[in-house]
Amino acid sequence: MAQLTVTPRTAGDVTLLGLAGKITISGGDAELREALDRQLDDGARKLLLDLREVTGVDSAGIGELVRSLTRSSNRDGSLKLLHPSPKLRDLLTVTQLITAFDVFDDEDEAVKSFA
């Protein structure tokens, strides 16, 4: 059984990936990688990861978030984070990765930021 489910939807020309579950070495990291690659291969360039239902992230998960950011950038896209948990936000802050990501708590604001 997958550790992470990914539900894509669109808001205008922005692709939102609703993530639910864990992004960890034992599961979710591969699911996130495959879902993101599929969206990029299909031409999506404005990507928003909705982390509202993510219940856990380990170092592999953080690595996968960074890889996702790099991969989208290398494909002339941009990737932003929506609704990270306080724990994930703290983890991104401690690792100083918070400066690499655009992070939002409001979906409308996040979608508009791609304009």
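Colleague: Which residue in β3 is the bridge partner of Ile-23?

Modeller: Val-57 is the partner of Ile-23. This is a predicted model, in which local features need pLDDT of at least 70 and side-chain atom pairs count only at pLDDT 80 or more, while totals for chains, interfaces and linings use all residues. Residues are numbered from 1 along each chain as its sequence is written, and side-chain values use heavy atoms, with hydrogens and water left out.

Colleague: What makes β2 and β3 a pair?

Modeller: Two strands pair if DSSP finds at least two bridges between them. β2 (residues 14-23) and β3 (residues 46-57) have 8 bridges, in the parallel sense, so by the definition they pair. Strands here are DSSP runs of E of at least two residues, and helices are runs of H or I of at least four, numbered from the N terminus.

Colleague: What joins β3 to β4?

Modeller: β3 and β4 (residues 78-82) run parallel and are joined by 5 bridges. Leu-47 stands opposite Leu-79 of β4.

Colleague: Why is the unit of β3, α2 and β4 called right-handed?

Modeller: The term applies if, with the strands pointing away from the viewer, the path from the first strand over the helix to the second runs clockwise. The β-α-β unit with helix α2 (residues 59-74) between β3 and β4 is right-handed.

Colleague: Why are β1 and β5 said to stand at the edges?

Modeller: The open sheet has 5 strands in the order β1-β2-β3-β4-β5, with mixed pairing. β1 (4-11) and β5 (102-104) each have a single partner strand, so one side of each has no neighbour in the sheet. Neighbouring strands are turned by 25° against each other on average, direction ignored; axes are lines fitted to C-alpha atoms, for helices over the stretch in contact, and angles run from 0 to 180 degrees between N-to-C directions.

Colleague: Why does Asp-37 count as buried?

Modeller: Buried means under 20% relative accessible area, exposed over 50%, and partly exposed in between (1.4 Å probe, protein chains only). Asp-37 has 17% relative accessibility, so it counts as buried. Asp-37 is in helix α1 and touches Arg-67 and Arg-71, leaving aside residues up to four places away in sequence; contact means heavy atoms within 4.5 Å.

Colleague: What lies over the face of Phe-114?

Modeller: Lys-80 does, at 4.4 Å from the ring centre. The definition asks for NZ of Lys or CZ of Arg within 6 Å of the ring centre and within 35 degrees of the ring normal.
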